[in-house]
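I would like to take you through one structure, residue by residue, and then turn to its ligand.

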Amino acid sequence: MSVPANGLLITVAPTGAETAKADVPHLPTTPEAIAETAKACRAAGAAMIHLHVRDGEHRPTLDLSLLREWVAAVRGSTDLIVQLSTGGSVHDPLDLRLKVLDAGPDVCSLTMGTTNFGDDVFSNPWPFVCDLYQLTQERGVVPEFELFDLGQVHAMRRLLDRYGLPAGGKVHVDLVMGVPGGMNGTTDALVAAVRDLPPETTSWSATGIGRSTLSVILASLSKGGHLRVGMEDVLTISKGVPVESNAQLVERAVAIGALAQRTPYTPDEARELIGVRPERD
Ligand code: KMH
Ligand code: ZN
């Protein structure tokens with residue numbers, strides 16, 4: 001199967017690990033809420049979901065049984081590609097982040113270096129990156145290379161040289177822009193990052209955190225990139241107006257994509273695009 005050249009991969013990141021449920025009561029933080037969110041976002045045009053899991057108290061967790069429960073909740077309600085975050089929260093230890101792959105995702109995030117993250121540090125030492133990458137290759141999990149900074153674009157070159165191509169043979173990147181401590185969420189920064197992506201890169205998307213969301217969407221589309229949107233990354237739909245739901249953000253991405261004559265990929269097309277094996281039974 002070949003995928004349409006004007007297709008648009010939309011990934012939804014519905015929850016994240018850094019927003020408190022008390023501050024945003026409609027953040028999806030239970031398996032039931034994530035199943036509903038997944039269904040609504042699939043109907044709106046998303047093909048992949050980037051998951052951070054919460055516990056019974058709505059706190060971020062890497063508990064394996066909960067990870068499995070959330071993966072099952074999404075698979076039970078949609079055909080979305082399931083991407084588990086291995087970034088976790090800024091407080092999660094590296095050993096637990098490696099164990100995320102035991103929950104059997106299709107895809108996992110893989111950040112290419114340590115980044116200041118607001119007042120915290122998102123830790124990704126090089127040996128951890130190498131261990132996680134080799135684990136994805138052993139397990140047949142497709143990594144999404146998350147790049148928060150230009151130095152991480154360069155680190156990806158080093159990783160591919162040392163260990164070869166990912167499981168599935170494709171190289172999919174997400175530029176995460178506008179984190180306080182990472183690269184700016186601007187067109188200029190996006191162009192610089194895309195220019196330096198390794199030639200092995202077969203697809204890339206971008207997401208702009210907070211107020212950079214719209215400029216990054218427009219810059220990505222104008223450079224032929226794909227999109228990640230969701231309440232992990234932005235909580236206002238316009239200045240001072242709270243996001244109502246993740247589906248609302250997906251709908252907006254679809255509408256802006258349509259202006260650029262891009263049509264959302266189905267999950268099966270997206271599987272083909274990024275090298276995920278066909279949906280399990
Ligand atoms: N929560 C951030 C510290 C990922 O999902 O891999 C890391 C993050 C990246 O969200
Ligand atoms: Zn994340």
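Let me begin with Q261, which is exposed because its relative accessible area is 64%; exposed means over 50% relative accessible area, buried under 20%, and partly exposed in between, with a 1.4 Å probe and protein chains only. Q261 belongs to the loop between α8 (246-259) and β14 (263-264). Helices here are DSSP runs of H or I with at least four residues, strands are DSSP runs of E with at least two, and both are numbered from the N terminus. The phi angle of Q261 is near 60 degrees, a positive value in a residue other than glycine. Most residues other than glycine have a negative phi.

Before I go on, a word on the source: this is a predicted model, in which local features need pLDDT of at least 70 and side-chain atom pairs count only at pLDDT 80 or more, while totals for chains, interfaces and linings use all residues. Residues are numbered from 1 along each chain as its sequence is written, chains are lettered from A and ligands numbered from 1 in the order in which they are written, and side-chain values use heavy atoms, with hydrogens and water left out.

A positive phi is also found at H58, where the value is near 70 degrees in a residue other than glycine. H58 lies in the loop between β3 (48-51) and α2. H58 counts as partly exposed because its relative accessibility is 28%.

I turn now to buried positions. T15 sits in the loop between β2 (10-12) and α1 (31-44), and T15 counts as buried because its relative accessibility is 1%. A polar atom of the T15 side chain lies 2.8 Å from the backbone oxygen of P28. Such a polar contact is a pair of N or O atoms within 3.5 Å; within protein, one must be able to donate a hydrogen and the other to accept it, and residues adjacent in sequence count only if both atoms are side-chain atoms.

In helix α2 (residues 64-77) we find V74, which is buried, with a relative accessible area of 0%. Strand β5 (residues 107-111) holds C108, which counts as buried at 0% relative accessibility. Strand β11 (residues 226-229) contains R228, and R228 counts as buried at 3% relative accessibility. The C-alpha atoms of R228 and G208 are separated by 8.4 Å, with the two residues 20 apart along the chain.

Finally, the ligand. Which residues surround ligand 1? They are E18, H50, H52, S85, G87, G88, V90, S109, F117, F122, E146 and E232, where a residue is near a molecule if one of its heavy atoms lies within 4 Å of it. By class, this shell has three nonpolar, six polar and three charged residues.

A nitrogen atom of ligand 1 lies 2.6 Å from a polar side-chain atom of E18. The side chain of S85 places an N or O atom 2.7 Å from an oxygen atom of ligand 1. At G88, a backbone N or O atom is 2.8 Å from a nitrogen atom of ligand 1. On its own, ligand 1 has 300 Å² of accessible area, and the protein covers 98% of that, by the Shrake-Rupley method with a 1.4 Å probe.

Definitions and conventions:
Ala, Val, Leu, Ile, Met, Phe, Trp, Tyr, Cys and Pro count as nonpolar, Asp, Glu, Lys and Arg as charged, and the others, Gly among them, as polar.
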